[in-house]
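Welcome, and please take a moment to look over the model below. The report that follows walks through some of its parts one at a time.

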Amino acid sequence: MTVLEARNLTKRFGGLVAVSGVHLRVDAGELLGLFGPNGAGKTTLFNLISGTLRPDEGEVVFYGEPITHLPPHARARRGIARTFQVVQAFGELTVLENVLTALAHRALTGWLPLGRYDAPVRRRAAMELLERVGLASRAGERAKNLPLGLLKRLEVARSLALQPKLLLLDEPLGGLNLRESEQLLEVLLALRGQTTMVLVEHNVRMALPVCDRAVAMDAGRVIAEGRPEDVRRHPQVIEAYLGEGEDA
Amino acid sequence: MYAVTVFTQLCIYAVLTLSLNLITGLAGQVSLGHAAFFGIGAYVVGVLTTHGIPFAPAWLVGGLVAAGFGLVLGSISLRLREDFLAIATIAFNFVVVAAFLYLPYFGGAYGISGIPKPLGNAGFPLLVLATTLGVVWFHERARASDLGLAWMSLRESEVAAEAVGVDVRRFKVTAFVLGTGLAGLAGGLYAAYIGVIRPEDFGFPLSVTLLAMVAVGGMGTLWGPLAGAFVLGGFAQAFAFVHNYQLVLYGLLLALVMRYRPQGLLGKLG
């Protein structure tokens, strides 16, 4: 079953075509890796899918329904969750409150949602999610006091609170040391099969082997698609990465 | 009797700081024009009650008109970055004061006098007290609610708030409408209590004072805005001779707190 389809997506910034006629299909339950050098258009594509940006051309289709016109919060409520390349935790709020914010999404319907945000049911659900990412012991701390590795996990827990049908992970390993990266990958791999995920990652060496399928982008276009190993060996992919001299 | 007068005034300050706290402390939207909404509520009550309309409906209309202007300003704020929002709110304050000065019916520089006080000298302070307690209750209810959490989340990161399903635009507007509506109600109480209102009572200096009260006490908390209103407001009452230097004092206090204790004196340490 197809969860998400990007049809002929194009996004221009002035003269720069950041994403150019991209087709992308995400199937239910898969972990899809999205790779490419800096400036390939991966994050722009994420922003088009999550609704932060509107495309100049093309359509985003979620479970067969076009959602291109929907703002980000409406897409989140439909089950498209995301994490950020530059961590976006709610710094002054506690770790628990960060997750509660996402758990409140069903209640945020009218103009004056005055129900308690920390009702016992929600607290329990939030604690469960924090346990899944190994943050339960830090629940009462302010998020801004957490190191980057834990903030990345917090973003995952917060995303899971949306009960996402699609989880977009924007460079979850970025800035993490080897140990932190392994811990986060472990968290993500535990979700495998239950949650459909798209992973943008610069660290190809660590991320590519865990993907079910891979897509490579360069200069705004999809240049290769298929089994991770095939994509890695694809001549155009090798060429695209040559200028970078690392990873691939 | 003097104590009751001072206490009543400080309660009105408290309604103002708590209402500003909804907008600035919880939702994180800077407002340097809160006094304008206070003034709108006061002038609506002043005009209507001196034309024979009873206090209760005039008071409600004052709150609604202020909230209406809050809706407009809130909608404008959606298009503005933080610093430009601050400038827009300042500009709004000056425009409103100019309207009080130059539009007919508002009495020019002399303002409106002879505004009737309902409920008598004993009853009216009780109405003010009851209103203050009601606003405290609402403030706390909002802070513990999904609405309050949505405000705080968009204050911390708008992109992340959107990504977890918070309609950032809607809840910014809600904060402005509620905060400015309550400021309008405070204005109605003030007009009826003092009996005389002048344009200068609702100028930019008062907006700075209110923001200083909230920030010095501690933004986003309950006790911060309350203590700001009662301590700083009480100080101003006790040392009336500093009146001319009040803005300098509050400005200095605001700058010092922002530099050395940005969470406010009663705010929790991170």
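## A hairpin to begin with

Strands E9 and E10 of chain A form a hairpin with two residues between them, and A:Ala219 in the turn has a positive phi of about 50 degrees. Helices (H or I, at least four residues) and strands (E, at least two) are DSSP runs, numbered from the N terminus. Two strands pair if DSSP finds at least two bridges between them. E9(A) covers residues 213–218 and E10(A) residues 221–226, and they pair in the antiparallel sense over five bridges. Within this pair, A:Val215 has A:Glu225 of E10(A) as its bridge partner.

Two notes on reading the model: it is predicted, local features need pLDDT of at least 70, side-chain atom pairs count only at pLDDT 80 or more, and totals for chains, interfaces and linings use all residues. Residues are numbered from 1 along each chain as its sequence is written, while chains are lettered from A and ligands numbered from 1 in the order in which they are written.

## Strands of chain A

Strands of a sheet pair through backbone hydrogen bonds, either parallel or antiparallel. Chain A has an open sheet of four strands in the order E2-E1-E4-E5, with antiparallel pairing. Strand E2 (16–27) and strand E5 (65–66) of chain A stand at the edges with a single partner strand each, so one side of each is left without a neighbour in the sheet. Inside this order, E1(A) (residues 2–13) and E4(A) (residues 57–62) pair over five bridges, and A:Glu5 has A:Val61 as its bridge partner in E4(A).

| Partner strand | Residues | Bridges to E8(A) | Sense |
|---|---|---|---|
| E3(A) | residues 31–35 | four bridges | parallel |
| E7(A) | residues 166–170 | four bridges | parallel |

A:Asp170 stands opposite A:Val200 in E8(A).

Which way do the residues of E8(A) point? A:Met197 and A:Leu199 point one way, A:Val198 and A:Val200 the other way, and all are buried. Here a residue is buried if 20 or more other C-beta atoms lie within 10 Å of its own, exposed if 12 or fewer, and partly exposed in between, with C-beta atoms placed from the backbone. In a regular strand the side chains alternate between the two faces of the sheet.

The loop between helix H6 (178–191) and E8 of chain A holds A:Gln194. This residue, A:Gln194, is exposed, with 9 other C-beta atoms within 10 Å. A:Gln194 and A:Ala28 are 166 residues apart in sequence, and their C-alpha atoms are 9.0 Å apart in space.

## A helix with two sides

Helix H4 (residues 120–132) of chain A has 13 residues and reaches 18 Å from its first C-alpha to its last. That is close to the 18 Å expected at 1.5 Å a residue, where the expected span is 1.5 Å times one less than the number of residues.

Buried in H4(A) are A:Arg122, A:Ala126, A:Leu129 and A:Leu130. They cover an arc of only 100 degrees around the axis, which puts them on the same side of H4(A); the arc is that of the directions from the helix axis to the C-beta atoms. On the other side of H4(A), A:Pro120, A:Val121 and A:Arg124 are exposed.

What do the buried residues of H4(A) pack against? They pack against helix H3 (95–103) and helix H5 (148–160) of chain A. Just after H4(A) comes A:Gly134, with a positive phi of about 75 degrees.

## Where the chains meet

Two residues are in contact if their C-beta atoms, placed from the backbone, lie within 7 Å. By this rule, 33 residues of chain A are in contact with 25 residues of chain B. Helix H2 (72–78) and H3 of chain A each supply at least two residues of the side of chain A that touches chain B.

## Confidence

The model scores ipTM 0.90 and pTM 0.91. Chain B averages a pLDDT (the predictor's confidence in each residue, from 0 to 100) of 90, and 96% of the residues score at least 70.
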